[in-house]
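User: I would like to learn how to read some features of a structure. Please give the general idea each time, and then the case.

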Amino acid sequence: MTWTQTIRASAAADNRRRAVPAIALWRAVVFVGGIALWAAISASDLFPAGLLPSPAAVAVALGEQIVTAQYWEALGLTLWGAAVGLAAAAVVGIAIGILTAASSAAELSMRFLIDFGRAFPAVALIAVMVLILGRGIELKATLVFVAVVFLIIVQTQQGVRRIPPSILETARAFRTPRGLLVRRVMLPSAAPSILTGLRLGASVAVLVAISTEVLSGSAGIGNQITDAQLGANPPVAYAYIVTAGLLGFGVNAGLERLQSAIVRWRPPVKGED
Amino acid sequence: MNVKSYGPVSAVLLQVWLPVVLVLAWFLVSAQSTSVFWPPLTTILAAFGDWAASGTLWSSLAYSFGNYFMALILATVVGVAIGTAIGLMPRVGQVLSPYLDFFRTLPIVVFVPIVILTLGVGRGPKVFLIFLACVWPILLNTIEGVRSIQASVFETARSYRIPLALRIRRVVLPGAAPQIAIGLRLAISIGIVMLVVSEMYGSTEGVGHFILQSGQRFQLPETWAGTLLIGVIGWLFTALYMFGEHRVLAWTRQDAETRRSGRVSKGDKS
């Protein structure tokens, strides 16, 4: 350590020690300030009525909604649609990802399709799919699948590509059968990258499920928002918006925890990036 | 992994055969299709031709992508400006981080019914919605990009007493550029999703409106044509952007040193 680094490190440590309680305090201040600003804006005539109800009204509406069966049913339907699509995308995506990572002929053949699929805005399919599939769970799951599968393919590919050659050569030297190689070598080694794909995919899945509900009127959180707003009840609409935000945040944070718990067994491989 | 590598010709052939086979298969299989839902590919293309011939295609594209680019530029300016400010003030960033995380994961589509039902189906609300969706990835990636600049770089800039404006222009923004570019790439695809959603929810013009209207009239070939058009545009934008980014940010990659010295001696030929 050079002396500049020493100074910098000790200054940083010093700052951190002093900063921790201050930051918690400031966060609380920002939270209260944000709510106060929201209340002030909604009380003023800056925006047309209905665009931004007061935070108190939203809190009351959320409190009223949260005890109804309808609320939990909407939440459940959204999550179920997202989960079914994500599960299907995981199965197909991991399989194609491993296949294309193991063979460069397969990778080159699939490259355009994967690029195209990743850039394809899946929600554009709603208009066609709603006519073909109706407004049920099939519609949501299909769109979630299309939106997520390419992400998982790419993450799996990258995970398998990063396996150090020495590991694969060892496995080959022992003449490990292909099925065993995939199950016991490739999947565990690529697990962190695949899990990242699933975590990102889960956020996208919730997003697409809600978008589908907003656009097609399929039952769930998105549909509740539209219904409440059409029924001139913005506080209820905002109650569901807060729910959607907490859902997205919760899914992401929960999966982050889960991910670090699952891959804890695995020491970080040097030069993995 | 030791995977086989291919020569340039076979690599191109390998990349091309599957898409071509799939399009041909679609063409052949759908040719006899009598299903209302899966019209023959030729019918879809004919519908697209009619759409282009009628002239509404061009006005729709101009309307939709006029909104899109306006929102994207606005989001870039606002996102980079606020992101740089927060990135330069680590304390502020630390305080705001849970809230930024919340808004990042909040699906912006939830605001579509609110904004469109209250503010109407005009241009403004759509630009606002696309902006709202695009600004987060740019903002968050800018913050991350500024943070990733090494402390020694800032210390050097400070020891030379480089004024703030110059420091931002010549040190901070170039340093954060690769990460900002990632944010922009995300924003480009998120923006197209938002464009489609906001127009399909309620509009009187635009590509999304065309798709919605054809769907409601049960004109499947037109609906398919619009959907495929959006897909191709989505892919094209990302591909063009990646190509541009690759060239513009050539200096940030590993061989930056050799490139730069080469540029000095042999002139700019990146």
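User: Where is the place of Val20(B) in chain B?

Analyst: Val20(B) sits in helix α1 (residues 8-31) of chain B. Helices here are DSSP runs of H or I with at least four residues, strands are runs of E with at least two, and both are numbered from the N terminus. This is a predicted model, in which local features need pLDDT of at least 70 and side-chain atom pairs count only at pLDDT 80 or more, while totals for chains, interfaces and linings use all residues. Residues are numbered from 1 along each chain as its sequence is written, chains are lettered from A and ligands numbered from 1 in the order in which they are written, and side-chain values use heavy atoms, with hydrogens and water left out.

User: How is the spacing along a helix to be read?

Analyst: An α-helix has 3.6 residues a turn, so residues three or four places apart point the same way. Arg111(A) and Glu107(A) are a case: both lie in helix α4 (residues 104-119) of chain A, four residues apart, about one turn of the helix.

User: What does Arg111(A) form with Glu107(A)?

Analyst: Side chains of opposite charge can pair when their charged atoms come close. The two form a salt bridge, with the closest N and O atoms 3.1 Å apart; the rule asks for a side-chain nitrogen of Lys or Arg within 4 Å of a carboxyl oxygen of Asp or Glu. Arg111(A) is partly exposed at 31%, whereas Glu107(A) is buried at 12%. Over all chains the count is four salt bridges.

User: Which residue forms a salt bridge with Lys140(A)?

Analyst: Glu213(A) does, at 3.0 Å between the closest N and O atoms. Glu213(A) is in helix α8 (residues 178-216) and Lys140(A) in helix α6 (residues 137-161) of chain A, so the pair ties together parts 73 residues apart in sequence. Glu213(A) is buried at 0%, and Lys140(A) is buried at 2%.

User: And aromatic rings?

Analyst: A pair of aromatic rings is described by the distance of the centres and the angle of the planes. Rings of Phe, Tyr and Trp (its six-membered ring) pair if their centres lie within 6.5 Å; planes under 30 degrees apart count as stacked, over 60 as edge-to-face and the rest as tilted. There are 20 aromatic pairs over all chains by this rule. Trp38(A) and Tyr238(A) form a tilted pair, 6.4 Å centre to centre with 45 degrees between the planes. Trp38(A) lies in helix α1 (residues 3-43) and Tyr238(A) in helix α10 (residues 234-262) of chain A, so parts 200 residues apart in sequence are tied together.

User: Where in α4(B) does a kink lie?

Analyst: The bend at a residue is the angle between axes fitted to the seven residues ending there and the seven starting there. In α4(B) a kink of about 55 degrees lies at Leu96(B), shortly before the proline Pro98(B).

Definitions and conventions
Buried < 20%, exposed > 50% of the residue type's maximum accessible area, 1.4 Å probe, protein only.
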